[in-house]
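Trainee: I am new to this structure. Please walk me through some local details.

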Amino acid sequence: MTDPRPQDAPRKADPLHGIRVLELGQFIAAPYAGLALADLGAEVIKIERPGEGDPFRRFGSAGQDGRFAGYTHNFTAFNRNKRSLTLDLSDPRGQALLRTLARQADVVLENYRPGVLRRLGFDYDTLRQENPRLVYCSITGFSADGPYRDRPAYDAVGQSVSGMLGTLLDPDNPRLRGPTLTDQITGMQAAAGILGALLQRERTGEGARVEVTMLDSSIYHMPDSFTALTQSGLAMDSETRAAFSLSFAFRCADGAVIGIHLSSTEKFWHALLAAVERPEIGQDPRFADRNGRIRHFSALVETLRPVFAARPRAEWLDILIGHDVPAAPVHGIPEVMEDPEVRHLGLFHEVEHPRRGRLTMMHRAIRLDGQREQDPLLPPELGEHTDALLASFGIAPEDIAALREQKVI
């Protein structure tokens, strides 16, 4: 196997080229942060338990023929551009090896429950003694020293405590829907914190401890909900934001759904009235100005609903776009991948996996000088890069063989 960390010159499209990250992460939050760093060119080494790996390897469909066993869509979504190294951290020899790796790493990223890594001797205070330049990022559900420190936390817990879920649920039929939000938001905040700490290290020569909680991150993601309360005394509910921004979703005659967002720009309100050819709606005193439309938002929705139910979506889109109304089809996931703008962006690309066959992968969203990441990697098989990575850390071949014989790796 080739050197997993080629020593060529840094590339403009990969600004984190040369940064080495040890990811002790599972499920979503830490792997998503690692994904963001990997997509920017960092060498992200995913530390996984031998024989088991990240639980997301077994979470989700393995395919009808079992082709994706240990390589489910949940795992591949969050682990492209990474390398996998298996290591038993319950074994003292594995613990010693991780400390060796950490001495040569730039970043350690983890989302264990508070206190777990400290008990194993992998907390920031311990590791920084041998690597003062280390950036150490911990992701937890709640603070390590607060009243909820011993509680387990997944995405729905973070959404619930932060108030986010309260602004998303239908109060009359509360059911969780849609993608995970708190997990990805937390991962993005962790990645941002790591980037800030790496930049600070360039100035000071010292690493830093980055702490991110799911609760902090979720609250931080919706600042207007809290300024609405503290400045205006308004407690936002599931329809407040839609009312203020005059955002709508309507089912059309063919059953397809259309999304419309007028915002505060008055010309878009008048363009909508012209598009639907219903001037009497604008003459209704309840809807005469923006404040009225906000106050009577539910009535406005019910007024417009039958209008849009009278024609198929494609016809409405032509009319609305022709009147310069901000509108779009509400896509299902299959429709997204066929959308002309999505195809133009080139976000998705096809790759051939030597064992799994043809896969559709995603590029990073960020372009630098027009470029996405260079030389993207397939999500790793469990332990795929263990030997090559350990060799790149200076571990002798005979020591690697012994560790494998002892089932430490």
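Trainee: Is Asn81 buried or exposed?

Mentor: This is a predicted model: local features need pLDDT of at least 70, side-chain atom pairs need 80 or more, and totals for chains, interfaces and linings use all residues. Residues are numbered from 1 along each chain as its sequence is written, and side-chain values use heavy atoms, without hydrogens and water. Buried means under 20% relative accessible area, exposed over 50%, partly exposed in between (1.4 Å probe, protein chains only). Asn81 has 5% relative accessibility, so Asn81 counts as buried.

Trainee: What is the phi of Leu246 near?

Mentor: Most residues other than glycine have a negative phi. Leu246 is not glycine, yet its phi is positive. The value is near 50°.

Trainee: How many aromatic pairs does the structure hold?

Mentor: Rings of Phe, Tyr and Trp (its six-membered ring) pair if their centres lie within 6.5 Å. Planes under 30 degrees apart count as stacked, over 60 as edge-to-face, and the rest as tilted. By that rule, the structure holds 12.

Trainee: What is the angle between the planes of Phe56 and Phe78?

Mentor: Phe56 and Phe78 are both buried. Their centres lie 6.1 Å apart, and the pair is tilted. The angle is 45°.

Trainee: Over the ring of which residue does the charged end of Arg57 sit?

Mentor: A charge sits over a ring if NZ of Lys or CZ of Arg is within 6 Å of the ring centre and within 35 degrees of the ring normal. For Arg57, the distance to the ring centre is 3.9 Å. The ring belongs to Phe75.
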